[in-house]
Amino acid sequence: MTDHQHSQADPPNERGVLPGLLKGLATTARTLARPTHTAEYPDAQPQLPPRTRGVIALLEENCTNCMLCARECPDWCIYIDSHKETLPATTPGGRERQRNVLDRFAIDFSLCMYCGICIEVCPFDALHWSPEFEYAEVDVLDLLHEKSRLGQWMPTVPPPPALDPNSAEPAEITAANKPARKAPEARP
Amino acid sequence: MNAALEVVLRSVIVLVSFLVLPLVVGQMEHKVMAHMQGRLGPMYAGGFHGWAQLVADGVKFVQKEDITPRAADRWVFRLAPAVALVPYLVALSVIPLSATVVAANVGAGVLFVLAASAVGILGLLMAGWSSANKYALLGGMRAAAQLLSYELPLVLSVASVALAAGTVSLTGIADAWSPLWLLWQLPGALVFLIAAVAELQRSPFDMPIADSEIVMGPFTEYTGLRFAFFLLSEYAGIVVMSLLFAVLFLGGWHGPFSDGLGPVWTLLKGALIAVLIIWLRVAWPRLREDQLQRLAWLVLVPVALAQLALTSVWVVLSSR
């Protein structure tokens, strides 16, 4: 067999196949000697990063039934029912007030694609990401979480991560730290 | 009566080791392969690091439905796993663990082992042919071609050792072994190791079962216990070939305190070779079918012949 035929049949590696084979052996042996990276999940809880998208929690008190989340949801998996309630006037001769009452707020997690648009779009911070993820169900219909269940996720929502060092202070704190306006001096 | 009892006892011991050692190798493969890939492998079955994983697998296989395809050649199809499995059991019975610890001390042990393990090929051919499945047929043909090619270098390298020892008895060869053999039988040992891995159809020589090309080759149509028997025969083959390598090329029971610890040394050396075979599977990709034949006929056979010539010259010169 000539060298020409040899180079046609073998992979186009100038040094032949042996260095690659030895390298494969060395790599696997090195990996064998190192500890594995496996997290044994059911026994050890995973170290989830902040802002993990596990499940969506609802803070019902903040919800104004504005329907922005339901309308922005790409797969329409948020169901909101509400009605208006008339409050009697608190002072005699006063005006009656109306307010929205939330009857139903449900997210169907069998449809949800965890895009987080509803949370982004909520102007009143009623929706939050929670890192909890262990809510698998045997029946797919049980993945429809009503507002009571969504509210139960609220305690698992982590506090927002700290600001980066040297970043500007949040607008709320800046406003609160402003010196109070001086009281106008009394005229003589 | 006493002799009959001894025969029964020896057979039972061989059968038990035949059922235990492949599982040990299989578990070793699970764990070693996992850690080589940065995983943990089985961790649950049995409690401690998943030691009972293969037992659990066996229980699972027993529960599965035993399907014979309608178009299959029924009796051949159902007999094939046994034909693949039993030869390794027979081969294991004549492999010595030390000069005295051997179930059946056959005079021509080397020939017996090679002949018996070659019968296992028939099981694969039967399975491939009788399954009435194109993948099984392709796998069976590949197996036949591969095993035919690699039987020759295997036999030639063993012949070199037998020539060097002046005997075809396995205990005789291991007794004649000296550490110098590690050096001047090295080419033959390498050829034997490569050919043995190819005979076992383990990666990188697993084209007959190549699951990414032809599903599972001859095993495609098998389910349940019969499929498990094929898997068991693969691991029994590793045990047989590893122990054979240890006895032929590594001196078997030669080592410190070999009077008392002889069998331990043989098993230890065999385990080392088994780990090496597992390691090759993890590290190396599968060869192509033509590369396989090229390796056998253009590399292994010439090297084995050269080794045979070297050994015969040595034997003739040293016997003067």
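The following legends describe close-up views of a predicted model.

**View 1. The interface between chain A and chain B.** About 1400 Å² is buried between chain A and chain B, and 66% of this area lies on carbon and sulfur atoms. Helix α2 (residues 18-33) of chain A supplies seven residues, the largest share of the side of chain A that touches chain B. That side of chain A is made up of seven nonpolar, six polar and two charged residues. In total, 15 residues of chain A and 18 residues of chain B take part in the contact.

**View 2. The surroundings of B:Q201.** B:Q201 lies in the loop between α8 (186-199) and α9 (211-214) of chain B. Its relative accessible area is 6%, which is under the 20% limit, and B:Q201 is therefore buried. Leaving aside residues up to four places away in sequence, B:Q201 touches B:L124, B:A143, B:Q146, B:L147, B:D206, B:P208 and B:I209.

**View 3. Aromatic rings in chain B.** The whole structure contains 16 aromatic pairs over all chains. In one of them, the ring centres of B:F192 and B:F245 are 5.8 Å apart and the ring planes stand at 35°, so the pair is tilted. This pair links distant parts of the chain, with B:F192 in helix α8 and B:F245 in helix α10 (residues 224-249) of chain B, 53 residues apart. Both B:F192 and B:F245 are buried. A cluster linked by ring pairs consists of B:F61, B:F77, B:F219, B:Y222, B:F227 and B:F230.

**View 4. Salt bridges of B:R142.** Over all chains, the structure holds 14 salt bridges. B:R142 forms one with B:E213, where the closest N and O atoms are 3.0 Å apart. The two residues belong to distant parts of the chain: B:R142 is in helix α5 (residues 134-165) and B:E213 in helix α9 of chain B, 71 residues apart. B:E213 is partly exposed, at 41% relative accessibility. B:R142 also forms a salt bridge with B:E289, with 3.8 Å between the closest N and O atoms. Here helix α5 is linked to helix α12 (residues 289-318) of chain B, the two residues being 147 residues apart. B:E289 has a relative accessible area of 24% and is partly exposed.

View 5. The side chains of B:R288 and B:D290 form a salt bridge, at 2.8 Å from N to O. B:R288 is partly exposed at 45%, and B:D290 is partly exposed at 39%. Elsewhere, salt bridges with shared partners join B:R142, B:D206, B:E213, B:R286 and B:E289 into one network.

Key. Residues are numbered from 1 along each chain as its sequence is written. Chains are lettered from A and ligands numbered from 1 in the order in which they are written. This is a predicted model: local features need pLDDT of at least 70, side-chain atom pairs count only at pLDDT 80 or more; totals for chains, interfaces and linings use all residues. Side-chain values use heavy atoms; hydrogens and water are left out. Helices (H or I, at least four residues) and strands (E, at least two) are DSSP runs, numbered from the N terminus. Buried means under 20% relative accessible area, exposed over 50%, partly exposed in between (1.4 Å probe, protein chains only). Contact means heavy atoms within 4.5 Å. Buried area is the accessible area (1.4 Å probe) that two parts lose on being put together, summed over both. Ala, Val, Leu, Ile, Met, Phe, Trp, Tyr, Cys and Pro count as nonpolar, Asp, Glu, Lys and Arg as charged, and the others, Gly among them, as polar. Rings of Phe, Tyr and Trp (its six-membered ring) pair if their centres lie within 6.5 Å; planes under 30 degrees apart count as stacked, over 60 as edge-to-face and the rest as tilted. A salt bridge is a side-chain nitrogen of Lys or Arg within 4 Å of a carboxyl oxygen of Asp or Glu.
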